[in-house]
Amino acid sequence: MRDAEPRELRIGPRDELGLFGGYHSPQLEVDVRLNTNEAPEPPPAAWLEDVARGLSHIAFNRYPDRDATALRAAIGAVHGLGPERVFAANGSNEVLQALLLAYGGPDRRVAVFEPTYALHSHIARVTGTTVRAGERDADFLVSPGVLATVLEDGPAITFLCSPNNPTGRLETREVLEAALAGAPGLVVVDEAYGQFAPWSAAELLDGHRHLVVVRTFSKTWSLAGLRLGYALADPAVVAACQEVALPYHLDALKQMAGIAALSYGEEMAARVGRLTTERTRVVAGLRSLGLFVVPSDANFVLFHSGSDDARGVWERLVARSVLVRDVSSWPRLGGYLRVTIGTARENDAFLDALRKVL
Ligand SMILES: *Cc1c(COP(=O)(O)O)cnc(C)c1O
């Protein structure tokens, strides 16, 4: 066979994809990595032993359980819900993608409240969905007035993020109830940091069939590397997500490892306790440097660097082998940096480096 003539690709990726620039936090080789809100501790050693044992029982020549029923039942049991109320996927980002594939798309709009988690609007655009952004108030909370204005637009999905990334603020129950009362479509509450909060939108699932609560194993469960997240929702919403997910999207190993993780709830609660204690210490440390700190209900803290040149502060921290998240180019966040709560040693290293940098 003769080689085909090389020729130009006539139809490339959709034009608008080039505009997004993707979403990534630079990963640099540093000693203290406090930029992506991961758990600083590895998962319990006993969990790893469970997984090692479970491996030998997996029939790797067979496709996994397509509906992941055992995993969904185990997740549901944690929340007092049946498997028909749980959609599981490869990280909560894939959950968000499934929701947008099923409920978003051309001619549809979704609402977000900036500044917030960039992936909500990013995945919306990738799925061809129009994004309407309302602005948070001076305290970085969603105000009832802004909410009402945004809802007039008829969003197919209204995204709330509570506690909100990157601000750490927990949304008020009043705002969630107003969203549930006024939204014509789904109200999706991203609770990636839900275990740190005093209340959960999951409490309102009964009686609100258009409420979806999204959670992840990436943060408190110390399993960012496993890629597992889920939505708690009405069975019809779960069915729609299953419809757009690829067949067998959850591999057998992940289903087994996820079920195994759920028996370590107490260890996870203890981690949340340790991180909350450390967060109090980090906040006090930042304030003692004279910096403005946004109150946080999560495992990270947004603080003002005290300088117009937050990027410069970030760079000088990197030079001292401490990596935080530079959010200063985001709307409304000029001068701000975000730091993940790490181990006591890491937090000390961060505060010490920041003191020297300032
Ligand atoms: C970290 C984070 C996630 C997690 O995404 P995974 O895909 O589950 O790792 C989701 N939402 C928010 C707001 C986050 O900060």
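Arg-325 is positioned opposite Arg-338 of strand S12, a strand that spans residues 336-340 and is joined to S11 by two bridges in antiparallel fashion. The model is a predicted one, in which local features require pLDDT of at least 70, side-chain atom pairs count only at pLDDT 80 or more, and totals for chains, interfaces and linings use all residues. Residues are numbered from 1 along each chain as its sequence is written, and side-chain values use heavy atoms, with hydrogens and water left out.

The open sheet comprises three strands in the order S9-S12-S11, with antiparallel pairing; pairing requires at least two DSSP bridges between two strands, and strands are DSSP runs (E, at least two residues) numbered from the N terminus. Strand S9 (300-304) and strand S11 (325-326) are the edge strands, each pairing on one side only.

The ligand is surrounded by 13 residues, the closest being Ser-92, Tyr-193, Thr-216, Ser-218 and Lys-219; a surrounding residue has a heavy atom within 4 Å of the molecule. This shell divides into four nonpolar, six polar and three charged residues, where Ala, Val, Leu, Ile, Met, Phe, Trp, Tyr, Cys and Pro count as nonpolar, Asp, Glu, Lys and Arg as charged, and the others, Gly among them, as polar.

Polar contacts (pairs of N or O atoms within 3.5 Å) include one of 2.8 Å between a polar side-chain atom of Asp-190 and a ligand nitrogen atom.

Definitions and conventions: Helix = DSSP H or I, 4+ residues; strand = E, 2+ residues; numbered from the N terminus. Polar contact = N/O pair within 3.5 Å; in protein donor to acceptor, adjacent residues only side chain to side chain.
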